[in-house]
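Biologist: Could we go through this structure together? I would like to begin with the strand pairing.

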Amino acid sequence: MNPVISAQNLDLTFTTNDGPVHALSDITLDIDKGEFVSLIGPSGCGKTTLLRVIADLEQPTGGSISVNGMTPEQARIHRAYGYVFQQAALFPWRTIADNIALPLEVMGIAAAERATRVRDNMALVDLMGFENKFPWQLSGGMQQRASIARALSVQPDMLLMDEPFGALDEIVRDHLNSQLLKLWAKTQKTVVFVTHSIPEAVYLSTRIVVMSPRPGRIHSIIDCNLGADRPLDIRETPEFLAIAHQVREGLREGHSYEG
Ligand SMILES: Nc1ncnc2c1ncn2[C@@H]1O[C@H](COP(=O)(O)OP(=O)(O)OP(=O)(O)O)[C@@H](O)[C@H]1O
């Protein structure tokens, strides 16, 4: 099977006024279709930068990367992915339905097709009945669900998610985690998900990429074979805790490189 995302020896050094910042070093990673891959690591290890390279928002300074068999630029033009940010970034003067429809308007999709896609994606994230509300009338969790619906509206093959639930309280986060898992099972999208949370990564992922800082590189890649059916209380099982332990050890070892 051809990987959907294939990075070979990626390197990225930012040029700043204070000198070069080596953000990514020698990142080699293949992600197959339908996988749910989390990137986890301490602040500043390059998780967001790697996601942004996949999305063509940053250019690597070394190595190569293909997305859906194309360059990241071609993949962006072909709308191969939807991007979900930590903040929902909805336009306050547009209703929820109009926010979700915005990328479709930009693409020039006809009104009837827009309406169908908005309706389908609002149903997918469980937001039916909120079409005519404005973002500020919704809770943080609902706003984030709307931003996921917006990302899905362009019918991408993959979702790139940068700590989408990081700003939410734990109960809401749990709920959105289980909803996201159902959505992933239903849509079969490939997901690349940035998080700081070990339980979130283990609960959601098929594989976890543990990164270490300065410069950001892959410390280890951990398989997460918990099966498709993951009720929230799976987090108390020995299998879950064993994987969480492995991730924690990886993070700890990665940290010891600093100094
Ligand atoms: N545009 C930029 N210009 C210069 N340096 C940058 C730029 N973007 C990121 N960096 C630096 O690159 C490194 C990696 O940043 P990045 O945001 O990818 O880390 P991260 O793992 O996502 O961190 P966090 O978990 O805090 O979001 C950091 O040292 C950061 O300061």
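Biologist: Which residue in β6 stands opposite Val84?
Modeller: In this predicted model, Met161 in β6 stands opposite Val84.

Biologist: And in which sense do β5 and β6 pair, parallel or antiparallel?
Modeller: The pairing of β5 with β6, residues 158–162, is parallel and runs over four bridges.

Biologist: What is the strand order of the sheet they belong to?
Modeller: The order is β5-β6-β7-β3-β8-β9, an open sheet of six strands with mixed pairing. β5 (81–84) and β9 (217–223) stand at the edges; each has a single partner strand, so one side of each is left without a neighbour in the sheet. On average, neighbouring strands of this sheet are turned by 15° against each other, direction ignored.

Biologist: Which strands does helix α1 touch?
Modeller: Helix α1, residues 47–54, packs on the sheet and touches β3 (36–40), β6, β7 (190–195) and β8 (207–212). The direction of α1 makes about 155° with that of β7.

Biologist: Where does α5 lie?
Modeller: α5 lies across β5 and β6, and runs at about 160° to β5.

Biologist: Turning to the core, which residues of the largest nonpolar core touch the most other members?
Modeller: Ile54, Leu160, Val192, Ile208 and Val247 do, in a core of 73 residues. Helix α5 (residues 140–153) supplies the largest share of this core, with six residues.

Biologist: What does Leu160 touch?
Modeller: Leaving aside residues up to four places away in sequence, Leu160 touches Leu51, Ile54, Ala55, Tyr81, Tyr83 and Val192.

Biologist: Now the three-stranded sheet: what is its order?
Modeller: That open sheet has the order β2-β1-β4, with antiparallel pairing. Its edge strands are β2 (19–31) and β4 (62–67), each pairing on one side only. Neighbouring strands there are turned by 30° against each other on average, direction ignored.

Biologist: How many bridges join β1 and β4?
Modeller: Strand β1 (residues 5–16) pairs with β4 over five bridges, in the antiparallel sense. Within β4, Ser64 is the bridge partner of Gln8.

Biologist: What ipTM does the predictor give the complex?
Modeller: The predictor gives the complex an ipTM of 0.97, together with a pTM of 0.93.

Conventions
Residues are numbered from 1 along each chain as its sequence is written. This is a predicted model: local features need pLDDT of at least 70, side-chain atom pairs count only at pLDDT 80 or more; totals for chains, interfaces and linings use all residues. A nonpolar core is a set of buried Ala, Val, Leu, Ile, Met, Phe, Trp, Tyr and Cys residues joined through C-beta atoms within 7 Å. A residue is buried if 20 or more other C-beta atoms lie within 10 Å of its own, exposed if 12 or fewer, and partly exposed in between; C-beta atoms are placed from the backbone. Helices (H or I, at least four residues) and strands (E, at least two) are DSSP runs, numbered from the N terminus. Two residues are in contact if their C-beta atoms, placed from the backbone, lie within 7 Å. Two strands pair if DSSP finds at least two bridges between them. Axes are lines fitted to C-alpha atoms, for helices over the stretch in contact, and angles run from 0 to 180 degrees between N-to-C directions.
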